[in-house]
Amino acid sequence: MLRPVILTDIRSRFDMALIRTPVRIEQVQLRRRGMNRARLQEIKKALRRFHSFELLAGTTYRFQMTKNETEPERVRIAAMCNEMTHLADFQVKLYEYGWKPNKIRGIFWLGGMTIGTATRILGIRSVLKSGVWLENRAVKHYKELLETVDWDDDSREMVEKNCSDEMGHVERWTALLAEYDKVRHLKVAG
Ligand SMILES: [Fe+2]
Ligand SMILES: [Fe+2]
């Protein structure tokens with residue numbers, strides 16, 4: 001059933017500290033039966049879009065990694081792990097429905113590599129800013145597909161958990177960017 005999405009409600013329902021959601025064997029199901037063609041088509045399109053976008057996000061983080069022993073590095077490793085979990089979530093759902101990921105998803109890998117490498121070269125501020133930008137886009141994307149696709153209950157729950165994670169990523173990168181700017185301002189002033 002389609003309904004409006006209130007992002008703050010979704011954010012408050014899930015534990016952001018859980019970066020890899022456990023999956024029990026009974027949760028893996030064959031899901032096609034009893035659904036009409038139009039509904040199946042829109043779920044398929046949405047799962048493929050999510051799967052491709054998660055590939056871009058996880059790859060961006062991979063290519064932004066450095067050997068620095070800093071808090072942004074630690075947070076980035078956690079975010080990468082989280083995006084890998086999201087990618088797996090959408091991949092499993094695609095196969096449960098009898099579909100496969102987008103054949104041209106390699107373009108999204110290339111996009112992630114390009115954004116990740118370019119921002120790493122530009123420096124830590126660009127890396128942090130790109131995190132805020134990318135994750136805000138993800139939240140917008142999640143909200144749109146939560147409101148326009150008639151998900152099955154299990155898939156909706158998974159999409160909402162992942163949406164909450166993306167909101168958490170926005171919060172973390174925003175806080176780290178503010179911290180970085182504060183320290184830089186103090187150095188300039190001092
Ligand atoms: Fe994600
Ligand atoms: Fe994210």
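## Basis of the model

Residues are numbered from 1 along each chain as its sequence is written, and chains are lettered from A and ligands numbered from 1 in the order in which they are written. Because the model is predicted, local features need pLDDT of at least 70 and side-chain atom pairs count only at pLDDT 80 or more, while totals for chains, interfaces and linings use all residues.

Helices are DSSP runs (H or I, at least four residues), as are strands (E, at least two), numbered from the N terminus.

## α2 against α5

Helix α2 (residues 37-64) and helix α5 (residues 124-148) have axes that come within 12 Å and cross at roughly 170°. α2 is therefore roughly antiparallel to α5. Axes are lines fitted to C-alpha atoms, for helices over the stretch in contact, and angles run from 0 to 180 degrees between N-to-C directions. Angles under 35 degrees count as roughly parallel, over 145 as roughly antiparallel, 65 to 115 as roughly perpendicular and the rest as oblique.

On the α2 side are Ala 46, Phe 53, Ala 57, Thr 60 and Gln 64, which meet Val 127, Leu 134, Ala 138, His 141 and Leu 145 of α5. Contact here requires C-beta atoms, placed from the backbone, within 7 Å. The residues of this contact comprise 7 nonpolar, 3 polar and no charged. In these classes Ala, Val, Leu, Ile, Met, Phe, Trp, Tyr, Cys and Pro are nonpolar, Asp, Glu, Lys and Arg are charged, and the others, Gly among them, are polar.

α2 and α3 pack at about 155°, with axes 9 Å apart, so the two are roughly antiparallel to each other. The crossing of α2 past α3 is left-handed (the near helix is turned anticlockwise from the far one by less than a right angle; clockwise would be right-handed). Among the contact residues are Phe 50, Ala 57 and Tyr 61 of α2 and Met 80, Leu 87 and Phe 90 of α3. By class, the contact of α2 with α3 has 11 nonpolar, 5 polar and 5 charged residues.

The axes of α3 and α6 are 11 Å apart, at an angle of about 165°. These helices are therefore also roughly antiparallel to each other, and α3 passes α6 in a left-handed crossing. The contact includes Val 75, His 86 and Asp 89 of α3 and Met 158, His 169 and Arg 172 of α6. It divides into 5 nonpolar, 5 polar and 5 charged residues.

## The nonpolar core

A nonpolar core is a set of buried Ala, Val, Leu, Ile, Met, Phe, Trp, Tyr and Cys residues joined through C-beta atoms within 7 Å. The largest has 24 residues, of which Phe 53, Ala 57, Tyr 142, Val 159 and Cys 163 touch the most other members. Two or more residues come from each of α2, α3 (71-96), α5 and α6 (153-189). The most come from α2, which gives 9.

Cys 163 touches Ile 10, Val 139, Tyr 142 and Leu 146, not counting residues up to four places away in sequence.

Thr 66 lies in the loop between α2 and α3. Thr 66 is exposed, with 12 other C-beta atoms within 10 Å (buried means 20 or more, exposed 12 or fewer, partly exposed in between, with C-beta atoms placed from the backbone). Leaving aside neighbours within four places in sequence, Thr 66 is in contact with Glu 73 and Arg 120.

Val 92 is in helix α3. Val 92 counts as partly exposed, with 16 C-beta neighbours inside 10 Å.

Key:
Contact = placed C-beta atoms within 7 Å.
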